[in-house]
Amino acid sequence: MSSKNIHKEPFDKGTISKLEIFEDYAQAWIPTFVMQSHVKEIHIFDFFAGPGFDAANIPGSPIRILRKINQHLGHILASKTKIVLHLNEYEPLKKKQRKFDLLKENCQHFLDNNPKFKYFLSINYHNESADALFFRLLPIIDKYPSLVYLDQNGVKFISQDYITRLEKLKTLDFLYFVSSSFFKRYGTTEEFRKVLEIDICELEKEEYRNIHRLVLNKIKTRLPQKTDLKLFPFSIKKNANIYGIVFGAKSYAAVDKFLSIAWKRNHLNGEANFDIDEDSIKKQNSLFDGKSMTKIEKFQIDLEKKLREKKMNTNKAVLLYTYENGHIPKHAVEVLKKLKKEGKLHYESKSPYLTYENVFRRNKIIEYKIEN
Ligand SMILES: C[S@@+](CC[C@H](N)C(=O)[O-])C[C@H]1O[C@@H](n2cnc3c(N)ncnc32)[C@H](O)[C@@H]1O
(Lines give C-alpha, C1' and ligand atoms only; values in the text may rest on other atoms or scores of the structure.)
Protein backbone atom coordinates (compact mmCIF):
# COMPACT_ATOMS: atom_id res chain seq x y z
CA MET A 1 0.00 0.00 0.00
CA SER A 2 1.61 3.24 -1.07
CA SER A 3 1.26 6.33 1.04
CA LYS A 4 0.22 9.52 -0.62
CA ASN A 5 2.56 12.47 -0.59
CA ILE A 6 0.07 14.86 0.98
CA HIS A 7 2.44 17.79 0.81
CA LYS A 8 2.47 17.98 -2.98
CA GLU A 9 -1.19 18.98 -2.85
CA PRO A 10 -3.26 21.15 -0.52
CA PHE A 11 -4.44 19.60 2.74
CA ASP A 12 -7.99 18.26 2.43
CA LYS A 13 -10.81 19.04 4.88
CA GLY A 14 -10.17 15.97 7.01
CA THR A 15 -6.49 16.81 7.34
CA ILE A 16 -7.39 20.35 8.39
CA SER A 17 -9.77 18.94 11.07
CA LYS A 18 -6.95 16.77 12.38
CA LEU A 19 -4.45 19.63 12.43
CA GLU A 20 -6.92 21.90 14.18
CA ILE A 21 -7.47 19.31 16.90
CA PHE A 22 -3.69 18.93 17.25
CA GLU A 23 -3.21 22.67 17.61
CA ASP A 24 -6.23 23.19 19.87
CA TYR A 25 -4.76 20.60 22.16
CA ALA A 26 -1.33 22.28 22.16
CA GLN A 27 -3.10 25.55 22.94
CA ALA A 28 -4.73 24.00 26.01
CA TRP A 29 -1.73 21.89 27.05
CA ILE A 30 1.05 24.51 27.03
CA PRO A 31 -0.36 26.85 29.73
CA THR A 32 -1.16 23.96 32.06
CA PHE A 33 2.54 23.41 32.62
CA VAL A 34 3.80 26.93 32.04
CA MET A 35 1.59 28.11 34.93
CA GLN A 36 3.12 25.59 37.36
CA SER A 37 6.15 27.22 38.95
CA HIS A 38 7.89 23.91 39.71
CA VAL A 39 7.82 22.87 36.02
CA LYS A 40 10.99 24.26 34.45
CA GLU A 41 10.99 22.44 31.13
CA ILE A 42 8.39 20.93 28.82
CA HIS A 43 8.82 18.89 25.63
CA ILE A 44 6.72 18.56 22.49
CA PHE A 45 7.43 15.75 19.99
CA ASP A 46 6.20 15.69 16.42
CA PHE A 47 7.46 12.38 15.06
CA PHE A 48 5.99 12.83 11.55
CA ALA A 49 6.36 16.57 11.14
CA GLY A 50 6.20 17.02 7.36
CA PRO A 51 7.81 20.05 5.70
CA GLY A 52 5.87 22.75 7.60
CA PHE A 53 3.41 23.80 4.88
CA ASP A 54 1.28 22.16 2.19
CA ALA A 55 1.30 23.08 -1.50
CA ALA A 56 -1.11 25.98 -0.86
CA ASN A 57 1.03 27.34 1.97
CA ILE A 58 -1.34 26.15 4.67
CA PRO A 59 0.69 25.42 7.81
CA GLY A 60 1.24 21.86 8.95
CA SER A 61 1.73 20.59 12.49
CA PRO A 62 5.19 22.06 13.31
CA ILE A 63 4.28 25.61 12.28
CA ARG A 64 0.93 25.32 14.06
CA ILE A 65 2.73 24.24 17.24
CA LEU A 66 5.08 27.24 16.96
CA ARG A 67 2.11 29.56 16.49
CA LYS A 68 0.39 28.18 19.56
CA ILE A 69 3.55 28.66 21.59
CA ASN A 70 3.60 32.25 20.33
CA GLN A 71 0.10 32.83 21.70
CA HIS A 72 1.38 32.06 25.21
CA LEU A 73 4.54 34.11 24.87
CA GLY A 74 3.79 36.46 27.77
CA HIS A 75 3.30 33.64 30.28
CA ILE A 76 6.25 31.64 28.98
CA LEU A 77 8.64 34.58 29.25
CA ALA A 78 7.33 35.45 32.71
CA SER A 79 7.60 31.90 34.03
CA LYS A 80 10.94 31.25 32.25
CA THR A 81 9.73 27.77 31.28
CA LYS A 82 12.02 26.14 28.76
CA ILE A 83 10.32 24.52 25.78
CA VAL A 84 12.04 21.84 23.71
CA LEU A 85 10.50 20.91 20.40
CA HIS A 86 11.55 17.62 18.77
CA LEU A 87 10.71 17.60 15.09
CA ASN A 88 11.25 14.52 12.99
CA GLU A 89 10.67 14.12 9.26
CA TYR A 90 11.92 11.24 7.17
CA GLU A 91 11.10 10.03 3.70
CA PRO A 92 11.94 6.34 3.60
CA LEU A 93 13.92 5.20 0.58
CA LYS A 94 14.70 8.75 -0.54
CA LYS A 95 18.27 9.86 -0.81
CA LYS A 96 17.42 13.51 -0.91
CA GLN A 97 15.41 14.46 2.18
CA ARG A 98 13.61 17.43 0.66
CA LYS A 99 10.80 17.62 3.23
CA PHE A 100 13.28 17.56 6.08
CA ASP A 101 15.25 20.42 4.51
CA LEU A 102 12.05 22.39 4.07
CA LEU A 103 11.03 21.67 7.66
CA LYS A 104 14.25 23.21 8.95
CA GLU A 105 14.00 26.19 6.60
CA ASN A 106 10.37 26.89 7.47
CA CYS A 107 10.90 26.65 11.22
CA GLN A 108 14.03 28.80 11.03
CA HIS A 109 12.07 31.40 9.10
CA PHE A 110 9.46 31.40 11.85
CA LEU A 111 12.14 31.81 14.52
CA ASP A 112 13.80 34.64 12.60
CA ASN A 113 10.47 36.45 12.62
CA ASN A 114 9.92 35.76 16.30
CA PRO A 115 13.25 36.62 17.95
CA LYS A 116 11.90 36.26 21.50
CA PHE A 117 11.72 32.51 21.00
CA LYS A 118 15.49 32.29 21.48
CA TYR A 119 15.00 32.99 25.21
CA PHE A 120 13.07 29.79 25.88
CA LEU A 121 12.77 27.51 22.84
CA SER A 122 15.14 24.99 21.36
CA ILE A 123 14.35 22.75 18.43
CA ASN A 124 15.92 19.33 17.99
CA TYR A 125 15.58 18.27 14.36
CA HIS A 126 15.66 14.58 13.48
CA ASN A 127 15.78 12.92 10.10
CA GLU A 128 15.23 9.24 10.76
CA SER A 129 12.56 6.62 10.87
CA ALA A 130 10.14 7.40 13.67
CA ASP A 131 10.10 3.75 14.86
CA ALA A 132 13.66 3.80 16.09
CA LEU A 133 13.64 7.43 17.17
CA PHE A 134 10.57 6.87 19.35
CA PHE A 135 12.36 4.29 21.50
CA ARG A 136 15.50 6.42 21.68
CA LEU A 137 13.58 9.47 22.90
CA LEU A 138 11.47 7.56 25.44
CA PRO A 139 13.72 8.52 28.40
CA ILE A 140 13.21 12.21 27.60
CA ILE A 141 9.47 11.72 27.07
CA ASP A 142 9.37 10.10 30.49
CA LYS A 143 11.48 12.72 32.25
CA TYR A 144 9.53 15.88 31.37
CA PRO A 145 5.89 16.81 30.87
CA SER A 146 5.53 15.75 27.25
CA LEU A 147 3.08 16.12 24.43
CA VAL A 148 3.57 13.58 21.64
CA TYR A 149 2.12 13.71 18.12
CA LEU A 150 2.28 10.61 15.96
CA ASP A 151 0.85 11.75 12.67
CA GLN A 152 1.68 8.67 10.65
CA ASN A 153 0.19 7.75 7.33
CA GLY A 154 -0.74 4.25 8.42
CA VAL A 155 -1.29 2.07 11.45
CA LYS A 156 2.11 0.89 12.66
CA PHE A 157 2.28 2.97 15.82
CA ILE A 158 -0.73 1.35 17.43
CA SER A 159 1.10 -1.96 17.66
CA GLN A 160 1.62 -3.49 21.08
CA ASP A 161 5.27 -2.41 21.46
CA TYR A 162 4.42 1.27 21.26
CA ILE A 163 1.25 1.07 23.35
CA THR A 164 3.04 -0.88 26.08
CA ARG A 165 5.79 1.71 26.30
CA LEU A 166 3.43 4.68 26.21
CA GLU A 167 1.25 3.13 28.89
CA LYS A 168 4.14 3.13 31.32
CA LEU A 169 4.89 6.87 31.02
CA LYS A 170 3.66 9.32 33.64
CA THR A 171 3.14 12.86 32.39
CA LEU A 172 2.51 12.23 28.77
CA ASP A 173 -0.41 13.21 26.57
CA PHE A 174 -0.42 11.81 23.06
CA LEU A 175 -2.38 12.16 19.86
CA TYR A 176 -2.02 9.40 17.30
CA PHE A 177 -3.43 9.64 13.83
CA VAL A 178 -4.45 6.24 12.50
CA SER A 179 -5.71 5.14 9.09
CA SER A 180 -8.43 3.05 10.70
CA SER A 181 -10.36 2.09 7.60
CA PHE A 182 -7.27 0.27 6.31
CA PHE A 183 -8.26 -2.40 8.84
CA LYS A 184 -11.58 -2.90 7.09
CA ARG A 185 -9.71 -3.53 3.85
CA TYR A 186 -6.50 -5.21 4.92
CA GLY A 187 -7.26 -6.21 8.54
CA THR A 188 -6.94 -9.92 7.87
CA THR A 189 -3.51 -9.66 6.23
CA GLU A 190 -0.43 -10.71 8.14
CA GLU A 191 0.95 -7.15 8.08
CA PHE A 192 -2.12 -5.76 9.84
CA ARG A 193 -2.60 -8.66 12.23
CA LYS A 194 0.90 -8.02 13.50
CA VAL A 195 -0.15 -4.48 14.42
CA LEU A 196 -3.57 -5.21 15.89
CA GLU A 197 -5.39 -8.47 15.77
CA ILE A 198 -9.05 -7.90 14.97
CA ASP A 199 -11.27 -10.89 14.47
CA ILE A 200 -12.56 -11.19 10.89
CA CYS A 201 -16.17 -11.57 12.12
CA GLU A 202 -15.85 -8.39 14.17
CA LEU A 203 -14.49 -6.55 11.17
CA GLU A 204 -17.30 -7.76 8.96
CA LYS A 205 -20.01 -7.14 11.55
CA GLU A 206 -18.95 -3.61 12.41
CA GLU A 207 -20.43 -0.83 10.34
CA TYR A 208 -17.84 1.08 8.34
CA ARG A 209 -18.54 4.38 10.13
CA ASN A 210 -17.57 2.71 13.43
CA ILE A 211 -14.22 1.34 12.33
CA HIS A 212 -12.13 3.85 14.29
CA ARG A 213 -14.17 3.12 17.43
CA LEU A 214 -13.50 -0.58 16.90
CA VAL A 215 -9.76 0.06 16.51
CA LEU A 216 -9.70 2.14 19.68
CA ASN A 217 -11.63 -0.46 21.67
CA LYS A 218 -9.19 -3.12 20.48
CA ILE A 219 -6.26 -1.01 21.69
CA LYS A 220 -8.00 -0.63 25.05
CA THR A 221 -8.32 -4.38 25.47
CA ARG A 222 -4.54 -4.64 25.30
CA LEU A 223 -3.88 -2.23 28.16
CA PRO A 224 -3.12 -3.66 31.59
CA GLN A 225 -6.30 -4.15 33.64
CA LYS A 226 -5.41 -1.53 36.20
CA THR A 227 -4.10 1.15 33.92
CA ASP A 228 -4.56 4.89 34.51
CA LEU A 229 -4.25 5.55 30.81
CA LYS A 230 -7.46 6.87 29.31
CA LEU A 231 -8.06 6.69 25.57
CA PHE A 232 -10.61 8.57 23.49
CA PRO A 233 -11.37 8.39 19.75
CA PHE A 234 -12.09 11.10 17.22
CA SER A 235 -13.11 9.71 13.83
CA ILE A 236 -12.24 11.69 10.73
CA LYS A 237 -13.88 11.04 7.39
CA LYS A 238 -11.78 11.85 4.35
CA ASN A 239 -13.53 11.02 1.10
CA ALA A 240 -14.35 7.31 1.33
CA ASN A 241 -11.89 6.59 4.13
CA ILE A 242 -12.20 6.82 7.87
CA TYR A 243 -9.17 7.87 9.83
CA GLY A 244 -9.06 8.83 13.44
CA ILE A 245 -7.24 10.36 16.31
CA VAL A 246 -6.47 8.26 19.36
CA PHE A 247 -6.03 10.60 22.27
CA GLY A 248 -4.33 9.22 25.36
CA ALA A 249 -3.44 10.66 28.75
CA LYS A 250 -3.36 9.65 32.38
CA SER A 251 -4.63 12.83 34.00
CA TYR A 252 -8.23 13.99 34.20
CA ALA A 253 -7.02 17.52 33.43
CA ALA A 254 -5.94 16.25 30.00
CA VAL A 255 -9.17 14.32 29.48
CA ASP A 256 -11.21 17.40 30.37
CA LYS A 257 -9.30 19.47 27.80
CA PHE A 258 -9.51 16.92 25.01
CA LEU A 259 -13.23 16.28 25.48
CA SER A 260 -13.99 19.96 25.56
CA ILE A 261 -12.10 20.44 22.27
CA ALA A 262 -13.83 17.45 20.71
CA TRP A 263 -17.33 18.57 21.73
CA LYS A 264 -16.65 22.09 20.50
CA ARG A 265 -15.85 20.65 17.09
CA ASN A 266 -18.96 18.51 17.01
CA HIS A 267 -21.86 19.42 19.28
CA LEU A 268 -23.76 16.27 18.27
CA ASN A 269 -21.30 13.56 19.23
CA GLY A 270 -17.95 15.02 20.33
CA GLU A 271 -16.09 12.25 18.58
CA ALA A 272 -16.12 12.68 14.81
CA ASN A 273 -15.95 15.26 12.05
CA PHE A 274 -19.26 13.85 10.74
CA ASP A 275 -22.60 12.74 12.14
CA ILE A 276 -21.31 9.30 13.12
CA ASP A 277 -24.56 8.10 14.75
CA GLU A 278 -27.00 10.06 12.59
CA ASP A 279 -27.98 12.08 15.63
CA SER A 280 -29.29 14.98 13.58
CA ILE A 281 -32.02 12.71 12.18
CA LYS A 282 -32.73 11.28 15.65
CA LYS A 283 -33.14 14.81 16.99
CA GLN A 284 -35.73 15.68 14.37
CA ASN A 285 -37.85 12.58 14.89
CA SER A 286 -40.60 12.78 17.47
CA LEU A 287 -41.57 10.08 19.92
CA PHE A 288 -44.34 9.07 17.50
CA ASP A 289 -41.82 8.21 14.79
CA GLY A 290 -40.29 5.61 17.05
CA LYS A 291 -37.61 8.02 18.21
CA SER A 292 -34.21 6.58 18.99
CA MET A 293 -31.95 8.39 21.40
CA THR A 294 -29.08 10.64 20.46
CA LYS A 295 -25.71 10.10 22.11
CA ILE A 296 -26.34 12.96 24.56
CA GLU A 297 -29.90 11.83 25.38
CA LYS A 298 -28.73 8.28 26.03
CA PHE A 299 -25.98 9.47 28.36
CA GLN A 300 -28.39 11.73 30.24
CA ILE A 301 -31.02 9.03 30.66
CA ASP A 302 -28.39 6.55 31.91
CA LEU A 303 -26.98 9.14 34.31
CA GLU A 304 -30.43 9.97 35.72
CA LYS A 305 -31.09 6.26 36.26
CA LYS A 306 -27.77 5.82 38.07
CA LEU A 307 -28.43 8.83 40.28
CA ARG A 308 -31.94 7.68 41.17
CA GLU A 309 -30.63 4.22 41.95
CA LYS A 310 -28.09 5.97 44.23
CA LYS A 311 -25.17 4.43 42.38
CA MET A 312 -23.30 7.72 42.77
CA ASN A 313 -23.90 10.65 45.05
CA THR A 314 -21.00 13.11 44.81
CA ASN A 315 -19.92 15.63 42.21
CA LYS A 316 -16.61 13.74 41.86
CA ALA A 317 -18.31 10.43 41.09
CA VAL A 318 -20.58 12.06 38.52
CA LEU A 319 -17.67 13.90 36.92
CA LEU A 320 -15.64 10.70 36.54
CA TYR A 321 -18.65 8.88 35.11
CA THR A 322 -19.12 11.75 32.64
CA TYR A 323 -15.51 11.60 31.44
CA GLU A 324 -15.51 7.81 31.25
CA ASN A 325 -18.45 8.01 28.89
CA GLY A 326 -16.73 10.59 26.71
CA HIS A 327 -18.98 13.49 27.72
CA ILE A 328 -18.41 16.99 29.03
CA PRO A 329 -19.67 18.21 32.42
CA LYS A 330 -22.32 20.42 30.75
CA HIS A 331 -24.28 17.31 29.69
CA ALA A 332 -24.39 16.01 33.26
CA VAL A 333 -25.15 19.44 34.76
CA GLU A 334 -28.36 19.58 32.69
CA VAL A 335 -29.52 16.35 34.36
CA LEU A 336 -28.57 17.50 37.86
CA LYS A 337 -30.34 20.85 37.46
CA LYS A 338 -33.46 19.21 36.04
CA LEU A 339 -33.65 16.73 38.93
CA LYS A 340 -33.10 19.54 41.44
CA LYS A 341 -35.87 21.60 39.88
CA GLU A 342 -38.21 18.61 40.06
CA GLY A 343 -37.37 18.22 43.76
CA LYS A 344 -35.83 14.77 43.20
CA LEU A 345 -32.25 15.67 44.00
CA HIS A 346 -30.73 18.22 46.38
CA TYR A 347 -27.40 19.89 46.79
CA GLU A 348 -26.80 22.83 49.08
CA SER A 349 -24.77 25.05 46.81
CA LYS A 350 -26.26 27.08 44.00
CA SER A 351 -24.33 25.16 41.35
CA PRO A 352 -23.65 21.39 41.32
CA TYR A 353 -19.87 22.11 41.31
CA LEU A 354 -19.41 19.77 38.41
CA THR A 355 -16.19 21.02 36.85
CA TYR A 356 -12.63 19.79 36.73
CA GLU A 357 -11.49 22.89 38.68
CA ASN A 358 -13.95 22.34 41.53
CA VAL A 359 -13.35 18.64 41.92
CA PHE A 360 -9.60 18.35 41.30
CA ARG A 361 -8.07 21.76 41.87
CA ARG A 362 -10.22 23.20 44.65
CA ASN A 363 -11.11 19.82 46.07
CA LYS A 364 -14.71 20.97 46.53
CA ILE A 365 -16.47 17.66 46.88
CA ILE A 366 -20.18 17.95 47.49
CA GLU A 367 -22.90 15.42 48.06
CA TYR A 368 -26.05 15.04 46.01
CA LYS A 369 -29.00 13.82 48.06
CA ILE A 370 -31.47 11.73 46.14
CA GLU A 371 -35.15 11.72 47.20
CA ASN A 372 -36.50 8.27 48.00
C1 LIG B 1 0.65 12.33 7.55
S2 LIG B 1 2.16 13.10 7.12
C3 LIG B 1 2.39 14.20 8.46
C4 LIG B 1 1.97 15.55 8.19
C5 LIG B 1 2.45 16.60 9.14
N6 LIG B 1 2.08 16.35 10.51
C7 LIG B 1 1.90 17.93 8.67
O8 LIG B 1 1.12 18.53 9.39
O9 LIG B 1 2.24 18.31 7.55
C10 LIG B 1 3.37 11.89 7.46
C11 LIG B 1 4.79 12.38 7.27
O12 LIG B 1 5.67 11.39 7.78
C13 LIG B 1 6.77 11.21 6.90
N14 LIG B 1 7.21 9.82 7.10
C15 LIG B 1 6.89 8.73 6.39
N16 LIG B 1 7.47 7.63 6.93
C17 LIG B 1 8.15 8.05 8.02
C18 LIG B 1 8.93 7.39 9.01
N19 LIG B 1 9.10 6.09 8.99
N20 LIG B 1 9.47 8.14 10.00
C21 LIG B 1 9.28 9.47 10.06
N22 LIG B 1 8.56 10.15 9.14
C23 LIG B 1 8.00 9.45 8.13
C24 LIG B 1 6.22 11.52 5.53
O25 LIG B 1 7.25 11.99 4.68
C26 LIG B 1 5.18 12.61 5.83
O27 LIG B 1 5.72 13.89 5.69
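Two strands are taken as paired if DSSP finds at least two bridges between them. In this predicted model, that criterion brings seven strands together into an open sheet with the order 3-2-1-4-5-7-6 and mixed pairing. Strand 3 (121-126) and strand 6 sit at the edges, each pairing on one side only. From one strand to the next, the twist averages 10°.

Both senses of pairing can be followed along this sheet. As a reminder, strands of a sheet pair through backbone hydrogen bonds, either parallel or antiparallel. Strand 4 (residues 146-150) runs parallel to strand 5, and five bridges hold the pairing; here Leu147 stands opposite Asp173 in strand 5. Strand 5 (residues 172-178) in turn meets strand 7 in the antiparallel sense through six bridges, with Phe177 placed opposite Ile245 of strand 7. On to strand 6 (residues 230-238), which is antiparallel to strand 7 and joined to it by nine bridges. Lys238 faces Asn241 of strand 7 across this pairing. Strand 6 and strand 7 form a hairpin with two residues between the strands, and in this hairpin Asn239 adopts a positive phi near 50°.

Strand 7 deserves a visit of its own. Nine of the nine residues in strand 7 (residues 241-249) are buried, so the strand is largely enclosed by the rest of the structure. In a regular strand the side chains alternate between the two faces of the sheet. For strand 7, both faces are covered: one side carries Asn241, Tyr243, Ile245, Phe247 and Ala249, the other Ile242, Gly244, Val246 and Gly248, and all of these are buried.

Turning to charge, a search of the whole structure gives 24 salt bridges. Side chains of opposite charge can pair when their charged atoms come close. One of these pairs is Glu91 with Lys94, whose closest N and O atoms are 3.3 Å apart. Glu91 counts as buried at 9% relative accessibility, while Lys94 is partly exposed at 42%. A further salt bridge links Arg209 and Glu207 at 2.9 Å, N to O; Arg209 is partly exposed with 26% relative accessibility, and Glu207 is partly exposed with 45%. Arg209 and Glu207 also belong to a network of salt bridges together with Arg213, Glu271, Asp277 and Lys295.

Lys338 and Glu304 form another salt bridge, with 3.0 Å between the closest N and O atoms. Because Lys338 lies in helix 15 (residues 329-341) and Glu304 in helix 13 (residues 295-308), the pair ties together parts that are 34 residues apart in sequence. Lys338 is partly exposed, with a relative accessible area of 35%, and Glu304 is buried at 16%.

Which side chain of opposite charge is nearest to the buried Glu41? That side chain is Lys82, at 4.2 Å. A salt bridge requires a side-chain nitrogen of Lys or Arg within 4 Å of a carboxyl oxygen of Asp or Glu, and Glu41 has no salt bridge. Glu41, which is found in strand 1 (residues 41-46), does make a polar contact through its side chain with the side chain of His43, at 2.8 Å. Apart from neighbours within four places in sequence, the contacts of Glu41 are Thr81, Lys82, Val84, Tyr144 and Pro145.

Terms used: Residues are numbered from 1 along each chain as its sequence is written. This is a predicted model: local features need pLDDT of at least 70, side-chain atom pairs count only at pLDDT 80 or more; totals for chains, interfaces and linings use all residues. Side-chain values use heavy atoms; hydrogens and water are left out. Helices (H or I, at least four residues) and strands (E, at least two) are DSSP runs, numbered from the N terminus. Buried means under 20% relative accessible area, exposed over 50%, partly exposed in between (1.4 Å probe, protein chains only). Lys and Arg count as positive and Asp and Glu as negative; His and the chain ends are not counted. A polar contact is a pair of N or O atoms within 3.5 Å; within protein, one must be able to donate a hydrogen and the other to accept it, and residues adjacent in sequence count only if both atoms are side-chain atoms. Contact means heavy atoms within 4.5 Å. Axes are lines fitted to C-alpha atoms, for helices over the stretch in contact, and angles run from 0 to 180 degrees between N-to-C directions.
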